[in-house]
Amino acid sequence: MTEFPAWLAPHVPASARHPGLAIAKLGSAQAFARGGFALTSPAFNAGEPLDPSFTATEEDAVAPPLEWSAPPPGSQELVLVVEEASTTNAEPACHWLVWGLKGQRGKLLEGETPPRTGKNAVGNSEWLLPDPPEGETRQYLFQLFATDLPLVLMPGAGRAELLASLQGTITACAVLHATFTGGGDDDAGWEDDDI
């Protein structure tokens, strides 16, 4: 397995440093947070757990809301790649591929349908709900790329096609890290109350 890039290590916790991540392959020290480019969420801070409403724990779960600052001038399009970074597989599991976002400051609302989406790890074009085994904590990396050319990709393209089309076009990149632990204690407390 290739090494995790040294420039990226300070921005990603050790448990999420998968060398196959999109940002590890496409990003660079020069592009990272260039011009203050940043990705945040009103629903969680960097390193915090995802709310169950964004995971397989809840029936009507949706994708979390995301916000980003303005990319460098000349950026044509923004591309979001969300991957589970705690896997031992050669490639991280892809949870969401989104492109067609305008190359400007913006946001995706909670559960909003993005302009264009690609196939996730299970082959559909939706937000793949995090669903770790009970008691196991997984690491999720939200990676945002600004490009100097609009992407020419058909909706439903896969991760490999998307990453190939991004080669050499990145003007800036940003990351946001979240965790989620499987199982939860949804039913805890009921036993004390049922009399």
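Student: What should I keep in mind about the numbering and the origin of the model before I read any feature?

Tutor: Residues are numbered from 1 along each chain as its sequence is written, and because hydrogens and water are left out, side-chain values rest on heavy atoms. The model is predicted, and local features need pLDDT of at least 70, side-chain atom pairs count only at pLDDT 80 or more, while totals for chains, interfaces and linings use all residues.

Student: How are strands assigned and paired, and in what order do the five strands of the open sheet run?

Tutor: Helices (H or I, at least four residues) and strands (E, at least two) are DSSP runs, numbered from the N terminus, and two strands pair if DSSP finds at least two bridges between them. Here the five strands form an open sheet in the order 6-4-3-7-8, with antiparallel pairing, and its edge strands, each pairing on one side only, are strand 6 (116–117) and strand 8.

Student: Are the residues of strand 3 buried or exposed, and which way do they point?

Tutor: Buried means under 20% relative accessible area, exposed over 50%, and partly exposed in between, with a 1.4 Å probe and protein chains only. In strand 3, eight of its eight residues are buried: Glu77, Val79, Val81 and Glu83 point one way, whereas Leu78, Leu80, Val82 and Glu84 point the other way. Strand 7 (residues 137–147) is also mostly covered, with ten of its eleven residues buried. Thr137 lies in strand 7 and is partly exposed, with a relative accessible area of 38%; the C-alpha atoms of Thr137 and Gly20, 117 residues apart along the chain, are separated by 19 Å.

Student: Which strands make up the open sheet of three, and which of them are at its edges?

Tutor: The order is 1-2-5 and the pairing is antiparallel, with strand 1 (39–40) and strand 5 (106–108) as the edge strands, each pairing on one side only. Strand 2 (residues 66–68) and strand 5 pair over three bridges in the antiparallel sense, and Trp68 has Gly106 in strand 5 as its bridge partner.

Student: What is a nonpolar core, and which residues touch the most other members of the largest one?

Tutor: A nonpolar core is a set of buried Ala, Val, Leu, Ile, Met, Phe, Trp, Tyr and Cys residues joined through side-chain atoms within 4.5 Å. The largest has 29 residues, and those touching the most other members are Ile23, Val79, Trp99, Phe145, Leu162 and Leu166. At least two residues of this core come from each of helix 1 (22–26), strand 3, strand 4 (93–102), strand 7, helix 2 (159–166) and strand 8, and helix 1 gives the most, with four residues. Apart from this core lies another, of 25 residues, among them Ala63, Leu108, Phe142 and Phe180.

Student: How is a pocket defined, and which residues are closest to the centre of the largest one?

Tutor: On a 1 Å grid over the protein atoms alone, a pocket is an open set of points where a 1.4 Å probe fits, with protein on both sides within 12 Å along at least five of seven lines, and lining residues have an atom within 4 Å of a point. A volume is the space filled by probe spheres set on the points, which are joined across faces, edges and corners, and that of the largest pocket is about 190 Å³. Of its 15 lining residues, Trp96, Glu112, Pro114, Glu126 and Trp127 are the closest to the centre. The lining divides into eight nonpolar, four polar and three charged residues, where Ala, Val, Leu, Ile, Met, Phe, Trp, Tyr, Cys and Pro count as nonpolar, Asp, Glu, Lys and Arg as charged, and the others, Gly among them, as polar.
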